[in-house]
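Q: Hi, I have a new structure open and would like a hand finding my way around. Could we go through it together?
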Amino acid sequence: MTDSRFDAAPDAQDGDTVWVEQVALIDAIPRWLAMSLLFIAVVGLWQIVTSMGWVSPIILPSPGETLEDLIFVGRNLISGDYMLSALWTTTRTVFWGFVIATTIGFTLGVLVGETKFGERALLPYLVAIDTMPKVAFAPLFIAWLGFDIASKVALAAFIATFPIVVATAAGLYAASENERMLFKAMGATRMQTLLRLKLPTGLPYMFTGLKIAAVGVMAGAITGEFLGGGKGFGALIRQSASQMDTPRVFALILYLSLLGLLLYFVVVWAQRKFVFWNKDERTGAIG
Amino acid sequence: MTTMAERRPLQQAHPVGRPVYEIARLSKTYASNQLVALADVNLTLREGEFVSVVGSSGCGKSTLLKIMSGLSPPTAGRVMLEGRPVTGSRPDIGIMFQQATLLPWKTTIENIVLPIEIRQGRAAARAALPRAHDLLALVGLKDFANVYPGELSGGMAQRASICRMLISEPAVLLLDEPFSALDELTRDHMNMELQRICREANATAFLVTHSLAEAVILSDRVLVMKPRPGRVEEEVTIDLPRPRRLEMINTPEFGRIVAHIRALLDREGA
Ligand SMILES: Nc1ncnc2c1ncn2[C@@H]1O[C@H](COP(=O)(O)OP(=O)(O)OP(=O)(O)O)[C@@H](O)[C@H]1O
Ligand SMILES: [Mg+2]
């Protein structure tokens, strides 16, 4: 029965455990603890750097100052003051940018992924535009649409559209040869194959595209507000920065990032709900 | 052509039905790599007949099956089913691929009624649910009707995809290694069920397999294919009486037939 070559340890007895899975320390502690430890380490380092006076407070304010401003901005937001209306403006910009990008991106993606016209005629143009630095279009959008929210929505949507196009088209190609053959054998129409096979198969890809778009739409909205003024959070940040109020800039960016996180996790939540069969844990929050 | 019948005449195993499939001078060259997958295949399947194909991996068995089912066009030759040329998918053909290919977002039972849903709509699919449950019970999966395919083993998925093929009650079954992922006991059981289903429906079956025992126990004829270019080299008529029973595997007659086919396959090392 026992072959000595396969014995892990020379003194192993029958029934002894000779080989067990080793759990790394980082895997053994809960995630929240790992995150908290890293947070404390970073803030500690930050405190040391600032209290030793290694960098000027204009470049890097101390954690304490930042916290003060964080509380100040938080109060302002809760009391419904001008900062809240700025955040609301940016939120609307991000929302409409995302909705428009999703609509146009999905439509173009289906054209590219499903039709010969899209693949052969449309795709080269899309690739060409995608390689351009899209932020450079901001002045154009402002000239066309004015300094109000519309020009920022346009820029945000413009930046976020392309990842959705690419992801949708790639998703439509993802159905395997066998699955296509199965639908062909069942006599499925092109529409049935698209709706019942290709779109569901492509959903995980599309959600990946939406996550990239969620990041892009934030960047687009803020860039638009930097360049085109208006009443959004981006304008507040620029104003504080021009006054060298670095702690305020830090605080504003932190609250802004909450908006980005919110959008991102709405997409992740929708993915969990709609792509329930894709059980790959790793793609849950990140992929 | 060698037939066992020549050597040892037995009772007629199966009544000779009318021709269902007629394949003549069929050849297929894949355009992408100029590979001659099939060359001059001639074949007639009669109603209620069970024919198996054996041959080394890559000799063109799946290619032949795909052409017969109308899923891929031949380069030359003709394929007729019930007197009409096969030019696309046909509702009277049931096909089972080498891979089970269940849709992961549909439960087992939803996967099984999918052909009905595609051809006749949701209402018809709902009406077919009781029959789908019967089929599932037949293949030993009745507790897995509402499970998603991600939770099925490879063999279970294959059995489910058999149900999907049978749900539309096809007159012709094209089977590409349907039981390759099953353990031997389940496989024997499924083979006997397959025989019963074919007899009850008087279905014509065409089976690709790597198991010579499976081919012999099920078939009226076994075709031996050779590669490069893929062609039907030999045809062996199996004159074992019907219905076939698993015990027949242990008879000397059965052993002789298997040995004969093995020798045919071995010849010139192909
Ligand atoms: N789509 C394709 N394009 C090009 N060549 C192909 C294609 N499909 C199959 N072939 C080639 O045709 C030959 C026959 O393939 P086929 O799948 O019919 O073999 P098979 O007999 O079913 O093999 P196996 O027993 O391994 O399933 C192989 O050499 C294969 O490489
Ligand atoms: Mg094959």
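Q: Where is the place of Pro243(B) in chain B?
A: Pro243(B) is in the loop between β10 and α10 (252-266) of chain B. The helices (H or I, at least four residues) and strands (E, at least two) are DSSP runs, numbered from the N terminus.

Q: Thanks! Before I go on, what should I know about the model and the numbering?
A: This is a predicted model, in which local features need pLDDT of at least 70 and side-chain atom pairs count only at pLDDT 80 or more, while totals for chains, interfaces and linings use all residues. Residues are numbered from 1 along each chain as its sequence is written, chains are lettered from A and ligands numbered from 1 in the order in which they are written, and side-chain values use heavy atoms, with hydrogens and water left out.

Q: Back to Pro243(B): is the peptide bond from Arg242(B) cis or trans?
A: The bond from Arg242(B) to Pro243(B) is cis, with omega near -5°. Another cis peptide bond joins Arg228(B) and Pro229(B), where omega is about -10°. Pro229(B) sits in the loop between β9 (221-226) and β10 (231-237) of chain B.

Q: And which residue has a positive phi without being glycine?
A: Thr101(B), with phi near 50°. You'll find Thr101(B) in the loop between β6 (93-96) and α3 (108-112) of chain B. As background, most residues other than glycine have a negative phi, and most peptide bonds are trans.

Q: New topic: how many residues of chain A and chain B are in contact?
A: 17 residues of chain A are in contact with 18 residues of chain B; contact means heavy atoms within 4.5 Å. About 1800 Å² is buried between the two chains, and carbon and sulfur atoms give 68% of that. Buried area here is the accessible area (1.4 Å probe) that two parts lose on being put together, summed over both.

Q: How many salt bridges cross that interface?
A: The rule finds one between chain A and chain B, taking a salt bridge as a side-chain nitrogen of Lys or Arg within 4 Å of a carboxyl oxygen of Asp or Glu. The partners are Arg196(A) and Glu117(B), at 2.9 Å from N to O.

Q: How many residue pairs are in polar contact between chain A and chain B?
A: Seven, with both residues at pLDDT 80 or more. On chain A's side, α8 (177-185) and α9 (190-228) each give two or more residues. The largest share, seven residues, comes from α8(A).

Q: What about ligand 1, which residues come nearest?
A: Among the 15 residues around ligand 1, the nearest are Ser57(B), Gly58(B), Lys61(B), Ser62(B) and Thr63(B), with a residue counted as near if one of its heavy atoms lies within 4 Å. A side-chain N or O atom of Ser62(B) is 2.7 Å from an oxygen atom of ligand 1. A backbone N or O atom of Gly58(B) lies 2.8 Å from a ligand oxygen.

Q: Which element gives the most to that shell?
A: α2(B), with three residues.

Q: Last one: why does the pair of Arg131(B) and Glu169(B) tie together parts apart in sequence?
A: Their side chains meet in a salt bridge of 3.4 Å, N to O. Arg131(B) lies in helix α6 (residues 129-138) and Glu169(B) in the loop between α7 (154-166) and β7 (172-176) of chain B, so the pair ties together parts that are 38 residues apart in sequence.

Conventions
A polar contact is a pair of N or O atoms within 3.5 Å; within protein, one must be able to donate a hydrogen and the other to accept it, and residues adjacent in sequence count only if both atoms are side-chain atoms.
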